[in-house]
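Here is a short briefing on a structure with several chains. Keep the 3D view open and find each part as it comes up.

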Amino acid sequence: MYRTSLKVTSEREGDIINISREVSTAIRKSGVKSGLVHLFVQHSTAALTTIEYEPGVLSDLRRALSVIAPDDADYAHNARWGDGNGRSHVKASIIGPSLTLPFSEDGLMCGTWQQVVLLELDVNAGRERTIICTVSGE
Amino acid sequence: MYRTSLKVTSEREGDIINISREVSTAIRKSGVKSGLVHLFVQHSTAALTTIEYEPGVLSDLRRALSVIAPDDADYAHNARWGDGNGRSHVKASIIGPSLTLPFSEDGLMCGTWQQVVLLELDVNAGRERTIICTVSGE
Amino acid sequence: MYRTSLKVTSEREGDIINISREVSTAIRKSGVKSGLVHLFVQHSTAALTTIEYEPGVLSDLRRALSVIAPDDADYAHNARWGDGNGRSHVKASIIGPSLTLPFSEDGLMCGTWQQVVLLELDVNAGRERTIICTVSGE
């Protein structure tokens, strides 16, 4: 088992950051030839998934998440704490913090159009996000 | 590999139960010092995710899930089986039954505000839920 | 560690294909008695989850996903590429491509009504989908 952490810095709410290259680098550094890489984002207002990394799709995903958690809804979290990121927590819990991907000697076994991404969902963006990366296999 | 099952009992639909402590206990009992803990809820109307365990956010998440699967929609599942939990199945499939978390000698590597939770989504709550917990590592 | 790939062919958008049997077969072939099976769908317009495999619930899930990504919304992806599957990408990213399940000598440790499914979300369906299946344990 090999473990490292990846750091990415977002600029604003809704940023979708392609981390495929960083994940591939971690796999190579691990020395493991074939196995699974587990990713976990250590924050409650960010999430991990895969997507075709094309600006149109990225904006479509942002809009869809706003259907579930609209900007202008009343959030109990905001009323209590006044930090304005109720919608960020909700979206993050629905997408989830965890993602596991297979790899072989040829690298990540994703589809041609399938990139690994971090979703910055916080209204207070511009922060460094940490992803714990655990590689296991043979 | 170490395996155990966690049991939690819900009281009503929409309960969000913090299981971080139970998961941490399972990790300690496993004797594994660093690795991954995999959680799987063995039910089709419950789900697992992470969230800041704060009553405001929890109610915000409940409301967001009701946007996707409203209480008053017509469910084909209900029409067929009359058990009224069509919305519960839908929400559970979208959130998902499975969650993997990293841990080190210091315990679960979650963020400061990030708790592990079971979502009780069934309208027929008040039941015991089983989570299969598998610990692996070194 | 044992790895294989499962192939399933969908017929149309919205197909929800029960792959529990194929996953169980892969576990048996692996020779691993107790452990975890990781599934990853190598496509950006398909997803994996669990659900009660009952036609009513399956149609309820399709409808819920259409709330998040309606058929008649304007998708930036479609405007750019003209392939009409913006909604497919959005739904796939929200559900996710990855699923890990525990198994014992008695097979998959799912709940009684809990089946493993592939969601065909592409409007251009009728295609073969590949799921990378990785079995680990003892």
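**A sheet in chain B**

In chain B, 3 strands make up an open sheet, in the order β2-β7-β4, with antiparallel pairing. The model is a predicted one. The edge strands are β2 (16–18) and β4 of chain B, and each of them pairs on one side only. From one strand to the next, the twist averages 30°.

- β2(B) pairs with strand β7 (residues 115–120) of chain B over 3 bridges, in the antiparallel sense.
- Look for B:Asn18, which stands opposite B:Val117 in β7(B).

**Strand β8 of chain B**

- β8(B) is largely enclosed by the rest of the structure, because 8 of its 10 residues are buried.
- Strand β1 (residues 2–9) of chain B is joined to β8(B) by 8 bridges, and the two run antiparallel.
- B:Thr4 has B:Cys133 as its bridge partner in β8(B).
- β3(B) also pairs with β8(B), over 7 bridges and in the antiparallel sense.
- Here B:Leu39 stands opposite B:Cys133.

**Strand β7 of chain A**

- How many residues of β7(A) are buried? The count is 6 of 6, so the strand is largely enclosed by the rest of the structure.
- Both faces of β7(A) are covered. On one side lie A:Gln115, A:Val117 and A:Leu119, and on the other lie A:Val116, A:Leu118 and A:Glu120, all buried.
- Strand β2 (residues 16–18) of chain A pairs with β7(A) over 3 bridges, in the antiparallel sense.
- In that strand β7(A), A:Leu119 is the bridge partner of A:Ile16.
- Strand β4 (residues 46–51) of chain A pairs with β7(A) over 6 bridges, again in the antiparallel sense.
- A:Thr50 has A:Val116 as its bridge partner in β7(A).

**A closer look at A:Val116**

- A:Val116 sits in strand β7 (residues 115–120) of chain A.
- Why does A:Val116 count as buried? A residue is buried if 20 or more other C-beta atoms lie within 10 Å of its own. A:Val116 has 25 C-beta neighbours inside 10 Å, so it counts as buried.
- Which residues does A:Val116 contact, leaving aside neighbours within four places in sequence? They are A:Ile19, A:Ser20, A:Val23, A:Thr50 and A:Leu101.
- A:Val116 and A:Leu48 are 68 residues apart in sequence, but their C-alpha atoms are 7.5 Å apart in space.

**Where chain B touches chain A**

- This contact takes 28 residues from chain B and 26 residues from chain A.
- β3 (35–41), β4 (46–51), α2 (55–68) and β5 (98–104) of chain B each supply at least two residues of the side that touches chain A.
- α2(B) gives the most to that side, with 8 residues.
- By class, that side of chain B has 14 nonpolar, 10 polar and 4 charged residues.

**Where chain B touches chain C**

- Here 26 residues of chain B meet 28 residues of chain C.
- β3, α2, α3 (76–81), α4 (86–95), β5 and β8 (128–137) of chain B each give two or more residues to this side.
- The side of chain B that touches chain C divides into 13 nonpolar, 12 polar and 1 charged residues.

- Helix α2 (residues 55–68) of chain A and helix α4 (residues 86–95) of chain C have axes that come within 9 Å and cross at roughly 60°.
- The crossing of α2(A) and α4(C) is right-handed.
- A:Gly56, A:Val57, A:Asp60, A:Leu61 and A:Ala64 in α2(A) meet C:Gly86, C:His89, C:Val90, C:Ser93 and C:Ile94 in α4(C).
- By class, this contact has 5 nonpolar, 4 polar and 1 charged residues.

**How the copies are related**

Technical notes
Residues are numbered from 1 along each chain as its sequence is written. Chains are lettered from A and ligands numbered from 1 in the order in which they are written. This is a predicted model: local features need pLDDT of at least 70, side-chain atom pairs count only at pLDDT 80 or more; totals for chains, interfaces and linings use all residues. Two residues are in contact if their C-beta atoms, placed from the backbone, lie within 7 Å. Helices (H or I, at least four residues) and strands (E, at least two) are DSSP runs, numbered from the N terminus. Ala, Val, Leu, Ile, Met, Phe, Trp, Tyr, Cys and Pro count as nonpolar, Asp, Glu, Lys and Arg as charged, and the others, Gly among them, as polar. Axes are lines fitted to C-alpha atoms, for helices over the stretch in contact, and angles run from 0 to 180 degrees between N-to-C directions. A crossing is left-handed if the near helix is turned anticlockwise from the far one by less than a right angle, and right-handed if clockwise. A residue is buried if 20 or more other C-beta atoms lie within 10 Å of its own, exposed if 12 or fewer, and partly exposed in between; C-beta atoms are placed from the backbone. Two strands pair if DSSP finds at least two bridges between them.
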